[in-house]
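Please find below a short note on the model under review. The sequence and structure come first, and the numbered points after them.

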Amino acid sequence: MTTLLALPYWQETGIKLGLALVVIPTTSLILVYLFLFKMMAFMQSRLGPNDTGPYGTLQLIAEAIKFLQKEDIHPAQADRRVFRMAPVVVLASTFLLYVVLPAGPDAVVEDLDTGVFYAMAVSSLSVLGILMAGWASANKYALLGGLRAAGQLIAYELPLILAVMGVVIQAETLNLQGIVEAQATGEIFGFGGIGNPFILTQFLAFLIFMIAAQAELTQTPFDMPVAETELVGGFHVEYTGFRFLLFFMAEFGTAFAFSALASVMFLGGWWIPGFDVDDNILNVLGPGVMLAKILLVAFFIFWVRFTYPRLREDQLQKFAWKVLIPLALANIVLTGIFKVVF
Amino acid sequence: MTATSDREQMAYVSSQAADARVNVELDTGDMTLNIGPQHPATHGTLRLACRLDGEQVVVAEPIMGYMHRGYEKLCEVRTYPQCTTLINRIDWLGSFANEVPFILAAERLMEVEAPPRAQWIRTILFELSRVANLALFLGDMGVQIGALTPVFFAFRDRERVLNQIEEVTGGRFHPNFDRIGGLKDDIPKGWVEETRSVMVKMRTFCDEMEDLLVGNEIFQARCRGVGVIPPEVALGYGLSGANLRASGVDWDLRRDANPGLAWDQVDWRVWTHPDGDSFARYWVRLQETREATHIVDQLLDGIPSGPIMAKVPRIIKVPAGEAYLSTENPLGEMGYYIVSKGDLGPFRVKIRTPSFNNISIVPWVMKGVYVPDVITILGSLYFILGDIDR
Amino acid sequence: MPQLPGLIKGLGVTAKTAGRTLFPKRGWKTLIPAPQIGAVTVQYPHEKEAPPERARGVIALHEENCTACMLCSRSCPDWCIYIEGHKVKAPPRREGGKPRTVNMLDRFDIDYALCMYCGICVDVCPFDALFWTPEYEYSEPRIADLLHDKDRLGEWMETVPDFLDYEAGSEQKVRKVPR
C-alpha cells in the first residue's frame, strides 16, 4: 500500500488521536439525531425535536450541555471509586473499538494484523464496566440490570464471534483491511464488477451477526439490562449528569462501531466498484461510502429497536444457546467445506 | 372447589412469606424489591413488595393507598350533581362510564327514567369512553413489554376519540355530562358523521396493534402462558371485566344485567378466551375495542328523537332508600351503593371499583414468576390507580 | 397466501407510519418530504390547537346579567366562587311605579387554582351570566394570580363562541349568547 503522507510517528499519532476525539462523539451524535430523534418520531407520527437549530439538529448538543450542568450525585452506599470508573470503562471499550475500523486504504488508526480478533475482544470489555456500574450503584434495580447484562453479553459474544469466523475463513485473514480487499478482489461466478460482498455468500452469518450485535448493544428485543419499564434503567439508574452522558455516548458510539464492523465484513467496506483497492482517492471517498453503509446498517438496528417488544432473560439465553450458536457452527462447517471444495 | 383451593392458596402464600422471612434471617439471599410506589410499570403509585429469589418472585404483595383521595367520604358532604364531579376522577381514562352507574342508581331511587334519546347518547358516550380507555391499554401493554411505538399510536388515536367526547361534553377527561333524569345537553350538529369516521380510524388502529403486537412472536413468547388465572380462581377473587372473560367466563353486565341503556337494541357479542393468560387478556380487550366501535356505529344510526331530560325538580332531593347498581365499565364491574336519607346529597356512597378486585389477585398469580413477568401480568391485569384507591 | 411472520409485519407497520408521516402528500408530490403535515402533533407555541366550541376552558362572566343570587357559589363542589353584593334602589321600570331594589355585584372571583372545571355553576345560573369559553392560555407563574376577579372574567366574554346547532331529532332550543 502507498502512504499518503510521510510524517514522524508522534505527529501521526497526534493527528489520529485528535481525529478520534472528534469523530467518536460526532458518530453518536449522528446516530442519535437521525434515528433516535427523527426516525423514531416519524415512526410514531410525530416530528421529533425541531426547535433547536435547523430541524432540531442542535438538540443533542443542548442535551449534552444540560447533562454537563447537572450535579454529579453518588448514592450514599455506593462504592465511589468503582462507581466513578464504570462509565469510563464502558466508553474506553468504545474508543478502543474505533482503533481498527478502516475508512480507506490508509484511513485507519492502527492496521492490526488480528483486527477482527482485537475488535471482538475489546467490545466485550464494556460488560466489565456495566457490571461495575450495576454493582457499585448499591441499588437493587442496578444490580439486577448489571447481572442481566453480564449473562446476556457473555451469551451473545459467542454467536458474534462464530458468525465472524465464517467471514474470516472466506477471506483467509483476520485483518479488517484484508477482509475489505478480499471482498473487492472477489468474484461472483466469474463476474468481478462489484467484487464479492460477503453478505451474498455469508448471509446467514450476517443475520447472526446482526442479531448478536443487537444483543451486544442492548437494543430493544434484547434490552433487559436497561428495561425501562421493569428495572427503570437497569445499570445506569443511579447515574446523573456527565456520567450518564458517558454511558449514553458509549451506547451509540458502540452502535456506530458495530455497524461499521458489519459493513466492513459483510458489505464491502470502503471499496467502491471500479477503483483499485489501493487507489489514493479512496482515502477521501472511502469515509463517505463507509458512512452511507453504516447508516444503512444502523437503520436496521434502530428500526428493529423501535418496533419490537423485549424478550425475557431466559428466552434470550435459550435463543442464544439453542438457535444462534448451532446455526453459527453450521455456517462455519459449511463455509469450511466450500472453501476446501472450491 | 373454589373456596377450599383459595384457602390452600392463601395458606401457601403465607407459608411462603414465612419461609422468605426465615431465609432473610439466615441470609440465604432472598431480596426484597419494592416495585413502586414510583415505578413506570405501576402507572401511578401502586407498590408491590416482592420477595425475590434471584429473578424469581417468591411473594408479591400489592400495597395500595398511596393515592387515596377519600371520595366515598367526600361524596357525603356534596349534593348529587356535585358528586359526579368527584366520580369522574375515579377511573380517569373512562370518566363518562363512571358517571353512568351512579346516576342510574340515583335515578332508580328517585324513580325517574331518562328519555330514550338520553339513554342512547349515554350508551354512545359510554362506549366511546370504553374505546378511549382500552385503546390506551392496547398501547400501554406494548410499552410494559418493551415496545416503544404502540403507546404513541395509542395516544395518537385515542386523541381522536377524546376530541369526539369533548365536542359533546366539553371535557376531554372529566365530562360531567350526566344529570339525574337525562343529560346536560344534546349532541351538536355534524357530530354523528365525525364519530363514524373516527370509529373507522379506531378499527385501523386495532389492525395496527394486531400486526405490531398480537402477531409478533416476541410478544407471544412474553405473554402466552404467563399469569394464567383459571376461571374458578378468577371468580373466587371477584375479577370482572375482560380479566374474567379472558379466563373463559362468559359474563358481561351489558348483556346480563342491562340497566336500561341501549345495549339490547344493537347486535354485538361478548368475547371470551379460554386461556386465561396475559395474551388472552390482551386479545379479549383488543376484540372488545373493535366490538365497541361496532356498537357505536350501530347506535349512531338509530338515535331516537325526543327530549334529553326527564321532568325532574330543579333542586334534586333523593327520597330515602338504598340502591346498588353496577355496569360493565372498561375495567370491569363498577357499582355504586347509595344510601339516601332524603337529603340533597347521599348519606353514604360505597363505590365498588373493578381495579381494586382485579389487583387483589396479584399475590396468587405472581408466585414463582420472573421479574419481567411481574410487569407483563401487571400490565395485562390493567388497573388504574384512581380506580384502586379512589 | 402464506402467513407473513409477525416480526416482519410489525416492521411493516412502523415503516408505513414513518412513510406516511414523512411523505404525506399524494401524487407526484409524494416525493417531497413534508413531516409538518404528516405528523399528528401540534407544534404548540408556533401553532395552536382549536378546541371545540363546547370545551370548558375558562368561565366568562356577563356582569350585567348577574344578580348576585349566589346559586353558583353554593353549587360549586369545592366552593371556589366568591361573591359579594349589596342592594341598591333602582328607578322604577314604568313611569310612576315603585322604586325597585336590585342586587349590585361588588365582587365576583373565581379561584382557578381550586376550580375543577365541572361546569355546574354555568349550568345552574338562571340569568345567563356565566359562559364557558374554550380559551386555555391563562396560566400564571404565581398561584395567587389564578384568582380572576370580575373584570378579568368579563374580558373573557368576547371569546365566548355561539352555541352550536343540534343534531337532527333534538328538541333542545339553541340558546343565544348575550353580546
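This is a predicted model: local features need pLDDT of at least 70, side-chain atom pairs count only at pLDDT 80 or more; totals for chains, interfaces and linings use all residues.

1. Contact of chains B and C. Chain B contributes 32 residues to this contact and chain C contributes 29 residues. On the side of chain B that touches chain C, helix 3 (80-87), helix 6 (149-169) and helix 7 (191-214) of chain B each supply at least two residues. Helix 7 of chain B gives the most, with five residues. By class, that side of chain B has 10 nonpolar, 11 polar and 11 charged residues.

2. Helices 3 and 4 of chain A. The axes of helix 3 (residues 80-98) and helix 4 (residues 115-123) of chain A come within 9 Å and cross at roughly 170 degrees. Angles over 145 degrees count as roughly antiparallel, so helix 3 of chain A is roughly antiparallel to helix 4 of chain A.

3. Residues between these two helices. From helix 3 of chain A come Ser93(A), Leu96(A) and Leu97(A), which meet Ala119(A), Val122(A) and Ser123(A) of helix 4 of chain A. Four residues of this contact are nonpolar and two are polar, with no charged residues.

4. Helix 7 of chain A. Helix 7 (residues 176-185) of chain A is largely enclosed by the rest of the structure, because eight of its 10 residues are buried. Among them are Leu176(A), Ile179(A) and Val180(A), and also Gln177(A), Glu181(A) and Gln183(A). The cover over the buried residues includes helix 4, helix 6 (140-171), helix 8 (198-201) and helix 11 (241-265) of chain A.

Notes: Residues are numbered from 1 along each chain as its sequence is written. Chains are lettered from A and ligands numbered from 1 in the order in which they are written. Two residues are in contact if their C-beta atoms, placed from the backbone, lie within 7 Å. Helices (H or I, at least four residues) and strands (E, at least two) are DSSP runs, numbered from the N terminus. Ala, Val, Leu, Ile, Met, Phe, Trp, Tyr, Cys and Pro count as nonpolar, Asp, Glu, Lys and Arg as charged, and the others, Gly among them, as polar. Axes are lines fitted to C-alpha atoms, for helices over the stretch in contact, and angles run from 0 to 180 degrees between N-to-C directions. Angles under 35 degrees count as roughly parallel, over 145 as roughly antiparallel, 65 to 115 as roughly perpendicular and the rest as oblique. A residue is buried if 20 or more other C-beta atoms lie within 10 Å of its own, exposed if 12 or fewer, and partly exposed in between; C-beta atoms are placed from the backbone.
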